[in-house]
Amino acid sequence: MKPYMKRLEQQMGLLKMLRASGLHTYGLDVSSGCQALMRAEGKDRINFISNSYMGFSTHPRVLEAVSNAVKEYGLGIGGSPMACGNTVLHQKLSRLLAENYGKQAALIYPSGYQALLGAVQGLVGRGDMAMVDALSHRSIIDGCILSGCKTRSWKHNDTEDLKALIERTEGKTENRLVVVDSVYSMDGDLAPLPQMREICDPAKVTILIDEAHSLGIMGKTGKGLLEHFDLVPGNEVVAGTFSKFAGAVGGFVAGDEDLIEYLFHYSSPFVFSASIPPAVVAGILASFDVLQSEPQWHEQLWENVHFILDGLKSLGFDTGNSSSPVIPVMIRDTEKVLRMNRRLLDEGVYASPVVHPGVPLKKERIRLGVMATHTQEQLQRALDILEKVGKEFDVI
Ligand SMILES: Cc1ncc(COP(=O)(O)O)c(C=O)c1O
């Protein structure tokens with residue numbers, strides 16, 4: 001046995017059992033773009049697996065921008081922006097993000113994950129403290145580990161618990177950071193930003209918001225959680241990704257000029273990684289343009305979200321506190337989630353089976369990501385399939 005196999009043994013045993021059972025539906029063979037219908041395992045299925053909520057990754061104007069930029073810049077820039085330079089496209093995207101959030105500056109990272117690592121690592125270090133919502137994304141947790149800060153968590157979306165934690169840790173360390181997802185990636189509920197500000201601002205605690213599932217989605221024009229709550233820009237630092245609303249790749253941090261200047265020179269997830277290809281940046285810029293000039297997609301997304309949420313609730317499904325395109329169908333049983341997801345896939349609905357440790361035990365669910373490009377007919381068909389399979393498994 002190879003020496004490292006000893007530490008992998010337990011998980012490998014579970015994975016082998018899962019594969020042998022035929023219930024493994026992770027990482028399927030896909031042979032189409034990320035459209036409302038996606039070809040997985042050789043068959044078209046209604047796509048609820050992705051985070052490409054706006055469906056822009058296959059929009060003709062986006063594709064045209066990408067192909068023009070490929071002709072001009074080629075495939076990649078050949079290294080990190082610090083070494084190889086920041087293209088005019090990257091600079092334009094930084095300015096757009098800073099403007100979107102009312103910040104002085106922004107920095108483009110190779111991925112959302114790296115942006116979150118970089119933001120946390122930049123804002124807190126050894127001796128400092130990060131206070132993270134209990135359901136924060138893994139990138140935030142890994143950012144805390146990378147930074148070497150002390151980490152505390154508070155009950156999900158419970159501002160009383162946050163207040164108590166802030167009072168308890170007063171004076172323990174000068175530099176404290178509160179971190180939340182604007183929209184929670186598995187639950188689809190929203191961070192209570194207005195109340196958080198009331199608690200954090202007087203205590204001089206910085207808030208970092210992860211706008212991953214919010215940029216392009218939340219607010220009247222898709223500017224994010226601040227627009228949703230009708231808040232003027234405050235002291236928050238903002239991080240996020242282009243892999244959700246734009247269905248692309250890449251991330252960002254937006255904040256004060258000094259913070260961004262510091263990150264540009266010292267943030268290891270930025271400095272030691274190659275930048276996103278200029279053509280992808282051109283596609284992201286075009287996505288922002290489409291978001292503004294074709295507002296019907298944003299309206300359609302929300303119509304679709306309400307249609308599916310109302311439909312699921314009236315069928316008797318438990319969708320938790322979701323009020324976004326991220327919709328959990330709570331099952332609360334690992335084996336049932338895996339079996340149900342296989343049945344849904346066979347019937348033509350491509351969704352995510354989410355089990356521990358992705359979510360806490362007894363919170364296992366099937367996750368649906370709604371798209372602006374889903375037609376009413378596709379959504380109704382998905383509801384009919386969910387009803388049929390939900391009844392087969394005694395969920396409704
Ligand atoms: C809340 C949240 N933050 C950060 C990320 C990381 O983004 P990316 O996949 O673009 O690296 C994700 C992606 O799953 C996410 O859901």
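Two residues are in contact here if their C-beta atoms, placed from the backbone, lie within 7 Å. On that basis, among contacts in the chain between residues at least 6 apart in sequence, 70% join residues at least 24 apart. Please keep in mind that this is a predicted model, where local features need pLDDT of at least 70, side-chain atom pairs count only at pLDDT 80 or more, and totals for chains, interfaces and linings use all residues. Residues are numbered from 1 along each chain as its sequence is written.

**Overall fold**
- The chain holds 15 helices and 13 strands, which are DSSP runs numbered from the N terminus (helices: H or I, at least four residues; strands: E, at least two).
- A compact globule of 396 residues would have a radius of gyration near 21 Å, and the chain agrees, with 21 Å; the radius is taken over C-alpha atoms, and the globule rule is 2.2 Å times the number of residues to the power 0.38.
- The C-alpha trace spans about 55 × 55 × 55 Å along its principal axes.
- Of the 396 residues in the chain, 49% are buried, meaning that 20 or more other C-beta atoms, placed from the backbone, lie within 10 Å of the residue's own.

**Two domains**
- The domain assignment gives domain 1 (5-58 + 295-392) and domain 2 (77-276), with bounds that come from an automatic or database assignment.
- The contact between them takes 22 residues from domain 1 and 17 residues from domain 2.
- On the side of domain 1 that touches domain 2, strand β10 (residues 326-330) gives the most, with three residues.
- That side of domain 1 divides into 10 nonpolar, 11 polar and one charged residue (nonpolar: Ala, Val, Leu, Ile, Met, Phe, Trp, Tyr, Cys and Pro; charged: Asp, Glu, Lys and Arg; polar: the others, Gly among them).
- The centres of domain 1 and domain 2, taken over C-alpha atoms, are separated by 27 Å.

**Around the ligand**
- The ligand is surrounded by 14 residues, the closest being G112, S185, A212, T241 and S243; a residue counts as near if its C-beta atom, placed from the backbone, lies within 6 Å.
- Helix α5 (residues 112-123) supplies the largest share of this shell, three residues.
- By class, the shell has three nonpolar, nine polar and two charged residues.

**A closer look at A282**
- A282 sits in helix α12 (residues 278-293).
- A282 counts as buried because it has 24 C-beta neighbours inside 10 Å.
- Leaving out residues up to four places away in sequence, A282 touches A65, V66, N68, A69 and L89.
- A282 and V70 are 212 residues apart in sequence, yet 9.1 Å apart in space, C-alpha to C-alpha.

How values were computed: A residue is buried if 20 or more other C-beta atoms lie within 10 Å of its own, exposed if 12 or fewer, and partly exposed in between; C-beta atoms are placed from the backbone.
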